[in-house]
Amino acid sequence: MQWPHKDLLDVDQLSTEQVAHIFDAATHFQEINSRPVKKVPTLKGKSVVLFFAEASTRTKTSFDMAGKRLSADTFSLAKSGSSLVKGETLKDTALTLQAMSPDAIVIRHWAGGAAQFLAERLDCSIINAGDGRHAHPTQALLDAFTLYQEWAGMDFKGKRVLILGDIAHSRVARSNVKLLTMLGARVRLCGPRTLLPPRVEDWPVRVFSDLSEAVRGVNAIMCLRLQLERQQAGLLPDLREYSRRFCLSERHLELAAKNARVMHPGPMNRGAEISSSLADAPQSVILDQVANGVAVRMALLFMYMTRQSPV
Amino acid sequence: MTPQLVVRRAVWKGKSVDVLVADGRIVEVLPWRKDQSFEAAWVVDAQGLLLFPSLVDCHVHLREPGFEYKEDLASGLAAAASGGFGQVMPMANTSPVNDSAATTRFILDQARAAWPHGPMARPIGALTKGLAGQELSVMAELAEAGCVAFSNDGKPVENTELFRRAVEYAWDLGLKVIDHCEDPYMAPGAGVNEGAVSSRLGLPAQPDVAEALHVARDILLAQYLDIPIHVAHVSCRKSVELLAWAKKRGVPITAETCPHYLLFTEDLVEGYNTLAKVNPPLRTRDDVLAMRQALRTGVVDALATDHAPHAAHEKETEFEDAPCGITGLDTALCSTWALVGQGELSADDFLRAWTSAPASIFDLPVCAFDPGDPADFFLFDPKARWVVGPETLRSKSKNTPLLGAEMTGRVTAHFLGGINVL
């Protein structure tokens, strides 16, 4: 099957059918990840630039591994230690990369719209690995893929998912709200008013300020990482008070639906947004998310670089 | 007196007229008569053209000295001349800041050298030294050198006591303070409205109350001191409501708004469009309607472009890194005259907001076509069509969301002191 998209900027570019294709492909690639030799020649001779203008370890490693397992050559370009990025405009960095003829650029950038900026100017595929507070489509896809596997299929209808924590500054939350809503789930948000986005009433969500109410009957909970600089910005008094109100623990899980799953995009602050024991509990699918991340990104690299669906 | 110039059969307020000019001033405006003939050095046939007095723009950024790669006095005044403006008031945020007589004189000299007959630059002096908001600038020296008002421009004075003293000191010299109203802590300079669009895009954003809070401060100060204050570029309904309250009570406060607040909404920022990044930011449809209404009722007195040129490479970057600003001198006349065509403004509202209101606020000469008025007027072909683009804009910078839009109407001749400067 032909894959119609050049770039992955956010999940709202995709139809439900296309998301299902990505999940089929990810399932296919997951099998490779369980082999003793985890490498196939599928993207041999293709090159992927990992352009990370903002610090990231896990997303970058995940993409790097995904590319290498498909035999693509991956090149890393980080903000620090690179004269290519230092003092150069995004436009010039983009054009410089273009001149090296990569097949895809995976971009992580502190500014919202950076992936779109590249996509509008370059011929190669652009995969958004997180732009500002705007979007993180590959994270949303791996999160949904994790739930898809937990729930054994595309039936998200009627499922309730709670996203907990700093929604305002979260690209993960923005992409997840879009994708989960599109797949038919009902999304709830919970966090202090200071960490909710403006005009949240226009979002297709229910908003809670009390965690015990928010978790009632939900099928999955996504905890978000709390950035400590929110305290200096005057958005919360301190970590202790935050965790008293919003740290997810076993006692909250008792109020959730049976078999509710606990997720976290990482890196976790144990004891701040999620209790340490819950992070290690059987309900936690946090490490499945990491493993699924590689499979989903293999699927995405394949589909965007070959414009074909593998299954 | 034998007129030196006669403009024949121009349309002024719906009637065909002949305009007689001598010594740079209006001699007389007569109803056009077919059998009438004139002896004059120069007779211009203006059949089918509209007659307008030259517009006054009380808020522009002409970037010289210091940022000549964005604009200079020659190019900014070129845009003014062909955009129908006879007088423009450049803000003090140049480099060096216009906080000394030397800089004011430099600006006036450069303007005169490039455009000896006008358009005229009427500089706005810095309210505080270096626009730093710490000490009063040498306002008497600036006034003597030719500044016609004072402002701290985009860096509103946080310290209300200092601001109050600045307003008092300026009024001693008979000049007004123009205040850019913006709370210094509520996402200053974000360039996007806090609302549905910023929420979706995840951009730091400025709420309308950040503006309205400072409008309220200025209203209360103006009332308490009984000294007029002029509010720059009002963008939202909340500010309009406060101004209406103040004017009803006779508070000496005046205000301007800009074409972009009459035309565009925050939706234009969608897709991280840096051409729509401006401070104050584009607001909502409701705010646009409030601004139009405020111009009709006179709650907002004047129009101004806040012409803010930036080089292409400065705007072609990450949204959060891009500077705020939209150019306006080239397009303001057509974009606001179109609102008259749509019935959103009357021709009288249009003329008041672009000529008599700013002239009276800042005590500038203006042409009302009465005998003795300066012969500053232009002829406008209301049917000419043109597309906004690099070839048609005379400003050095092209940062307007109107790029690519088709405009109706073109200035065909612009007389300043009776001399066609185009």
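Tutor: Two strands pair if DSSP finds at least two bridges between them, strands being DSSP runs of E with at least two residues and helices runs of H or I with at least four, numbered from the N terminus. The model is predicted: local features need pLDDT of at least 70, and side-chain atom pairs count only at pLDDT 80 or more. Residues are numbered from 1 along each chain as its sequence is written, and side-chain values use heavy atoms.

Student: How many bridges join strand S12 of chain B to strand S13 of chain B?

Tutor: Strand S12 (residues 229-231) and strand S13 (residues 253-257) of chain B run parallel. The number of bridges joining S12 to S13 in chain B is three.

Student: Which strands are the edge strands of the open sheet in chain B?

Tutor: The six strands have the order S9-S10-S11-S12-S13-S14 (chain B), with parallel pairing.

Student: Is Asp143(A) buried or exposed?

Tutor: Asp143(A) is found in helix H5 (residues 137-150) of chain A. Buried means under 20% relative accessible area and exposed over 50%, with partly exposed in between (1.4 Å probe, protein chains only). Because its relative accessible area is 2%, Asp143(A) is buried.

Student: What is the distance of the polar contact between the side chains of Asp143(A) and Gln289(A)?

Tutor: A polar contact is a pair of N or O atoms within 3.5 Å; within protein, one must be able to donate a hydrogen and the other to accept it, and residues adjacent in sequence count only if both atoms are side-chain atoms. The side chain of Asp143(A) makes one with the side chain of Asn176(A) at 2.8 Å. For the side chains of Asp143(A) and Gln289(A), the value is 2.7 Å.

Methods: Chains are lettered from A and ligands numbered from 1 in the order in which they are written.
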